[in-house]
Amino acid sequence: MGWIKCLILECTRKPVKSFCLFLIMTIIFIGTLMGIQVYHSADYSKEKAFEQIGAYILLELKDEHNDEKQNITDDMKREIEEIDHIVGLNQSIVEYAIPVNFLNSKKHTGGQYPDVDKSLYQDYVDLTPDSVIIDANSDCTLIDDFRLGKSALIKGENVSYDNKGIVIEQTLAELNDLDVGDKIILTSIHGIEVETEIKGIYKTKASFDLTQDNMIGEAVFAMSPYNKIYASLEVGLQLYEKEKEELSLCIYVDQVSNVQTVGEEIKALEFDWNKYGLFNMTSSMYGMKCEQIETISNYAKIIYVYSILIGAIVLSLVLSVYVKYYCYDAGIFISLGTGKGRIVLQYLCSILIIMAGSAFVSIVCSLILGQKVVDFLDLQTQSNYIVESYFLNGFEDSYKIQKRVLGMRQYVMFFLGAIGIIMLSCMPLIIELLHFQPRKILEIERE
């Protein structure tokens, strides 16, 4: 009898058995695909979250009030820069300042003009409706706004510790008719006045929509992305009377996968670690902002593993019901001279044919249900914590789960899991077939 004909007969002679196997496999495979679909979406979201967070470590002083002077010195920085995978170091100061010879922007892209009541912001000693934000850095090209493309330089050059000055937003420049090479004057809450040169003009992709939750009135304009001035660190040190050596040091790494290794190498340096703290900010920020992604990822693993394990157990129980039937057929084939290996292979192929049909139906169902399962888990794992924002800038909720369709890698993962289920469930019967002798098998009465 031909090989293919035997396979067809194996699948059609027991239609109830074949249908039961088909139905059970389909349910199991749908569960497996759902797990893969959810995990793929969570894994992609995790990857994107890490891209936004960036790979960086923070070195800072443990206790600024200690009597013994503690500094992050230039010698320490040079030692750190020699470590592989480090792409840059940055120190920063972010504070409010008051414009002296120019005005801040009151432009907003949405919402009503805020309440002009001065009592709303009078308790904030450094915040006024006319303030601007000074974001001073030793290297502005490393900070998130430029690194993530939220802001882009359109004229001039960016600033750093060696290239002293400021870069201002296009809206602010046009309002005050300012250009590269012009000088502006800023004053801090301490009454210190600093004159600095505009080295570049940038354009932000952020918007500025005022919300009904704004409780500080006109002072909200100080938080506008149009009023954000990036400065070299020297400007911040002068305005706010701070020492560079007392500032935390942000250490940027080339890849997230190298953060742990770089951290260990920094820890191996001969610094007085009783004075300094080293923090994996990538991991910390991910833990703070991406709890939902990690929760959904864990659910996906549970769905996938349980589908395989429970599926294998259920299938093995179902197949054990037909053990005498398979042994009877095996006895006939062996008496006709067929080898046990071929009998086992034929048995596996008949199961694989049913599996192929189940897999096809499961894939179709997953294409219909997959996105809905991700949406359901997304809804169930959302935090009930409500954040009230004074304004929206268009970059909110950037760490949510992002739905993805399955690709070739995920389907390979599915088929490997499916074959694993089949092999686990068929193993008891295969062992039974291989150990039975022909005479003993032929004595079995077919039920």
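These legends describe close-up views of one predicted model.

**View 1. Helix α2 and the residue that follows it.**
Helix α2 covers residues 15-53, which makes 39 residues. From its first C-alpha to its last, helix α2 reaches 56 Å. That is close to the 57 Å expected at 1.5 Å a residue. Just after α2 comes G54. G54 takes a positive phi of about 85°.

S18 lies in helix α2. S18 counts as buried, because its relative accessibility is 10% and buried means under 20%. How many residues separate S18 and S350 in sequence, and how far apart are they in space? They are 332 residues apart in sequence. In space, the distance is 9.5 Å, C-alpha to C-alpha.

Side chains of opposite charge can pair when their charged atoms come close. Here the side chains of E294 and K46 meet in a salt bridge, at 3.9 Å from N to O. This pair links distant parts of the chain. E294 sits in helix α9 (residues 291-321), and K46 sits in helix α2. The two residues are 248 residues apart. E294 is partly exposed, with a relative accessible area of 25%. K46 counts as partly exposed too, at 28% relative accessibility. By the rule used here, the count for the model comes to 12 salt bridges.

K77 forms a salt bridge with D74. Their closest N and O atoms are 3.7 Å apart. Both K77 and D74 lie in helix α3, three residues apart, about one turn of the helix. An α-helix has 3.6 residues a turn, so residues three or four places apart point the same way. Is K77 buried or exposed? K77 counts as buried, because its relative accessibility is 12% and the limit for buried is under 20%. D74 counts as partly exposed, at 35%.

D75 and R78 meet in a salt bridge as well, at 2.2 Å from N to O. They too lie in helix α3, three residues apart. D75 counts as partly exposed, at 48% relative accessibility. R78 is partly exposed, with a relative accessible area of 46%. Salt bridges that share partners join D74, K77 and K244 into one network.

**View 2. A patch of negative charge on the surface.**
Which residues gather in this patch of negative charge? They are E79, E81, E82 and E270. E81 has its place in helix α3, which covers residues 74-81. E81 is partly exposed, with a relative accessible area of 47%.

Most residues other than glycine have a negative phi. H85 has a positive phi of about 80°, although it is not a glycine. H85 is placed in the loop between α3 and β2 (86-90). At 37% relative accessibility, H85 counts as partly exposed.

E241 is not a glycine either, and its phi is positive at about 50°. Where is E241 placed? E241 is in the loop between α6 (233-240) and β11 (249-253). E241 is exposed, because its relative accessible area is 60% and exposed means over 50%.

**View 3. A nonpolar patch on the surface.**
Y299, I302, V305, Y306, L309, I310 and V314 form a nonpolar patch on the surface. Together they have about 640 Å² of accessible area. One of these residues, L309, is found in helix α9. L309 counts as partly exposed, at 47% relative accessibility.

**View 4. S92 and N137.**
S92 lies in strand β3, which covers residues 92-99. S92 is partly exposed, with a relative accessible area of 37%. How far apart are S92 and N137 in sequence and in space? In sequence, they are 45 residues apart. In space, they are 4.3 Å apart, C-alpha to C-alpha.

Technical notes. Residues are numbered from 1 along each chain as its sequence is written. This is a predicted model: local features need pLDDT of at least 70, side-chain atom pairs count only at pLDDT 80 or more; totals for chains, interfaces and linings use all residues. Side-chain values use heavy atoms; hydrogens and water are left out. Patches are made of residues with over 30% relative accessible area and no salt bridge: like charges are joined within 9 Å, nonpolar side chains (Val, Leu, Ile, Met, Phe, Trp, Tyr) within 5 Å. Accessible areas come from the Shrake-Rupley method with a 1.4 Å probe; for residues, only the protein chains shown count as cover. A salt bridge is a side-chain nitrogen of Lys or Arg within 4 Å of a carboxyl oxygen of Asp or Glu. Lys and Arg count as positive and Asp and Glu as negative; His and the chain ends are not counted. The place of a charge is taken as NZ of Lys, CZ of Arg, CG of Asp or CD of Glu. Helices (H or I, at least four residues) and strands (E, at least two) are DSSP runs, numbered from the N terminus. Buried means under 20% relative accessible area, exposed over 50%, partly exposed in between (1.4 Å probe, protein chains only). The expected span of a helix is 1.5 Å times one less than its number of residues.
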